[in-house]
Amino acid sequence: MIIDKHIARQAAKILLQINAIKLSPKDPFTWASGWNSPIYCDNRIILSFPPIRNYVREEMAKFIEREYGKPDAIAGVATGAIGIGMLVAEYLGLPFIYVRPEAKGHGRQNQIEGFIEGGQNVVVIEDLISTGKSSLNAVKALKEANINVKGMIAIFTYGFEVAKTNFESENIKLHTLSNYENLLIEAAETNYINEDQLETLSAWNSNPSEWNAS
């Protein structure tokens, strides 16, 4: 769920302004999964804009303190959330670790990079939630290392039902700065998209795996 309606609108606004999120209903993107999509989100662009990255880290950090107090560490999901996760950890004065999609095949063969001890508490930082599978893979790795995952906070979620189901089944609390619903409201109200485009974008979100641009 979003952490606050005002923050959700503001975050959507700045993501559109810096082209971290691009909407292209008539000329869709192709995701790695093979899905056709009228939206593409690359939140790593945030790191190139100091005032915006500071806004994101501060809102995330303040929410973590309100919701969880101070965990023992902040964990970022590689690779997209390493940068913002480290900024949040720095703001809170906490250790930072990050979780690879899988263990390295050489050296120490770590999947979790950085120092943390079993039994400690972490909050996980993610940049983007689609189905939630890669995010929950990081949670699984942390749990297998006997690390207590208090919850996850992400910059943006597409709001797919499959993601909601996946997080509920793993009993992981997810909060986001913004989501697809608030993105569309902001885009429509600022004339970033017109009414027909709004209809197309809404249709995609309800059935993304089968959607094709007309």
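Ala, Val, Leu, Ile, Met, Phe, Trp, Tyr, Cys and Pro count as nonpolar, Asp, Glu, Lys and Arg as charged, and the others, Gly among them, as polar. Keep these classes at hand for the linings on this tour. The model on screen is a predicted one.

**Stop 1: the second largest pocket**

Select Met1, Thr157, Gly159, Lys164 and Leu174. Of the 21 residues that line the second largest pocket, these lie nearest its centre. The space in this pocket comes to about 510 Å³. Its lining divides into 10 nonpolar, six polar and five charged residues.

Next, colour helix 5 (161-169), strand 10 (174-179) and helix 6 (180-189), each of which supplies at least two residues of this lining. Which element has the largest share of the lining of the second largest pocket? Helix 5 does, with five residues.

**Stop 2: strand 9, helix 5 and strand 10**

Strand 9 and strand 10 pair in the parallel sense, over five bridges. To find the pairing in the viewer, select Met152 and look for Leu174 of strand 10 opposite. Now show helix 5 together with both strands: strand 9, helix 5 and strand 10 make a right-handed β-α-β unit.

Is strand 10 largely enclosed or open? Six of its six residues are buried, so strand 10 is largely enclosed by the rest of the structure.

**Stop 3: the aromatic rings**

Select Trp31, Trp35, Phe156, Tyr158, Phe160, Tyr180 and Trp204, which form one aromatic cluster. The structure as a whole holds 12 aromatic pairs. A pair of aromatic rings is described by the distance of the centres and the angle of the planes.

Start with Trp31 and Tyr158. Their ring centres are 5.0 Å apart and their planes stand at 40°, so the pair is tilted.

Why does Trp31 count as buried? Its relative accessibility is 14%, and buried means under 20%. Tyr158, with a relative accessible area of 2%, is buried too.

Phe160 lies in the loop between strand 9 and helix 5, 129 residues from Trp31. Both Trp31 and Phe160 are buried.

**Stop 4: the largest pocket**

Move to the largest pocket, which holds about 670 Å³ of space. Select Cys41, Asp127, Leu128, Ser130 and Ser134, the closest to its centre of the 29 residues in the lining.

Strand 4 (39-41), strand 8 (121-129) and helix 4 (133-144) each supply at least two residues of this lining. Helix 4 gives the most, with five residues. By class, the lining of the largest pocket has 13 nonpolar, 10 polar and six charged residues.

**Stop 5: the cavity**

The volume of the largest cavity is about 50 Å³. Four nonpolar, two polar and two charged residues make up its lining.

Definitions and conventions: Residues are numbered from 1 along each chain as its sequence is written. This is a predicted model: local features need pLDDT of at least 70, side-chain atom pairs count only at pLDDT 80 or more; totals for chains, interfaces and linings use all residues. Side-chain values use heavy atoms; hydrogens and water are left out. On a 1 Å grid over the protein atoms alone, a cavity is a set of points where a 1.4 Å probe fits but cannot get out, and a pocket is an open set with protein on both sides within 12 Å along at least five of seven lines; lining residues have an atom within 4 Å of a point. Grid points are joined across faces, edges and corners, and a volume is the space filled by probe spheres set on the points. Helices (H or I, at least four residues) and strands (E, at least two) are DSSP runs, numbered from the N terminus. Rings of Phe, Tyr and Trp (its six-membered ring) pair if their centres lie within 6.5 Å; planes under 30 degrees apart count as stacked, over 60 as edge-to-face and the rest as tilted. Buried means under 20% relative accessible area, exposed over 50%, partly exposed in between (1.4 Å probe, protein chains only). Two strands pair if DSSP finds at least two bridges between them. A crossover is right-handed if, with the strands pointing away from the viewer, the path from the first strand over the helix to the second runs clockwise.
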